[in-house]
Amino acid sequence: MSPSPNIGRPFVFDTEFDADGTVVRPGAWAPAKRSYQPAEVEALVAQARLEARQQALSEVAHLQAMALTNIAQSVATAMPLLRNAAQTHREQSADLSLAAARAIAGAALDRFPHAPLRAALEVLAQEIDASPRLVVRASGLDDERRAAIEQACAESGFTGAVAFRDEPGMALAAFQLEWADGRADHDPQASAERVAEALSAALAAEAGHAETLSADRSDV
């Protein structure tokens, strides 16, 4: 069995001297310290603990930074979805409100079909007061309804003649009023459509300027 080759580091004599034997550049070699005093051991242990703690804190800080980055990316990905969900909720809530309003308004008009005309006569009382004649266009103008309209005109202060024009194509609560220098009309269906269009336009405008959803909701 052959002896193993010497793989140790060969001695390097790197101290330089001048011609007189004076050291020009001392060597870097220093003998390894073989023994330590108790105080030196404690200092080395304390230094090792400090270095280990600093390394652990550095690793924790790195993990925290990575976690925050992942959270920020997740929030950035979720924000458009949340905005779309909020906008969809607004639109569905508006549709539900409109449906409820139509149902309530329809039931009210079925029960009080003359209410819109009475309200219009009250609002227009001063404008039609001086007119000698008022033309009322509506559908279903039977004797009972004509009498109710004449009574409403009298209650509003109108003392002129009331002429009726039956318009079968108009809705039950719809009407047109014509007098000497003016005209007014009301169509529940057209009014509902205008309200829906205005609401749709408002929601469309809000879609680009809706409330910003932020991750910090502490003020809510």
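Buried residues (under 20% relative accessible area with a 1.4 Å probe, protein chains only; exposed means over 50%, partly exposed in between) make up 17% of the 220 residues in the protein. The model is predicted: local features need pLDDT of at least 70, side-chain atom pairs count only at pLDDT 80 or more, and totals for chains, interfaces and linings use all residues. Residues are numbered from 1 along each chain as its sequence is written, and side-chain values use heavy atoms, with hydrogens and water left out.

The protein has five helices and six strands. These are DSSP runs numbered from the N terminus, with helices (H or I) of at least four residues and strands (E) of at least two. Along the sequence the pattern is β-β-α-α-α-β-α-β-β-β-α. Contacts are heavy atoms within 4.5 Å. Of the contacts with a separation of 6 or more, 70% join residues 24 or more positions apart.

Helix α4 spans residues 143–155. Its 13 residues reach 18 Å from first C-alpha to last, close to the expected 18 Å; the expected span is 1.5 Å times one less than the number of residues. Buried in α4 are R145, A148, I149, A152 and C153. Seen down the axis, these buried residues fall within an arc of 140°, so they line one face of α4. The arc is taken from the directions from the helix axis to the C-beta atoms. The face turned away from the buried side carries exposed D143, E144, A154 and E155. Cover for the buried residues of α4 includes α2 (115–123), β3 (133–138) and β4 (161–166). G157 follows α4 and has a positive phi, near 100°.

In α2, the buried residues are P116, L117, A120 and L121. Their arc is only 135° around the axis, which puts them on the same side of α2. Exposed E122 and V123 sit on the face turned away from the buried side. The buried residues of α2 are covered by elements including α1, α3 (125–128), β3, α4, β5 (175–179) and β6 (182–186).

The largest pocket has a volume of about 390 Å³. Of its 16 lining residues, A105, L109, P188, Q189 and A192 are the closest to its centre. A pocket is an open set of points on a 1 Å grid over the protein atoms alone, where a 1.4 Å probe fits, with protein on both sides within 12 Å along at least five of seven lines; lining residues have an atom within 4 Å of a point. Helices α1 (38–111) and α5 (188–207) each supply at least two lining residues. Helix α1 gives the most, with seven.

Terms used
Grid points are joined across faces, edges and corners, and a volume is the space filled by probe spheres set on the points.
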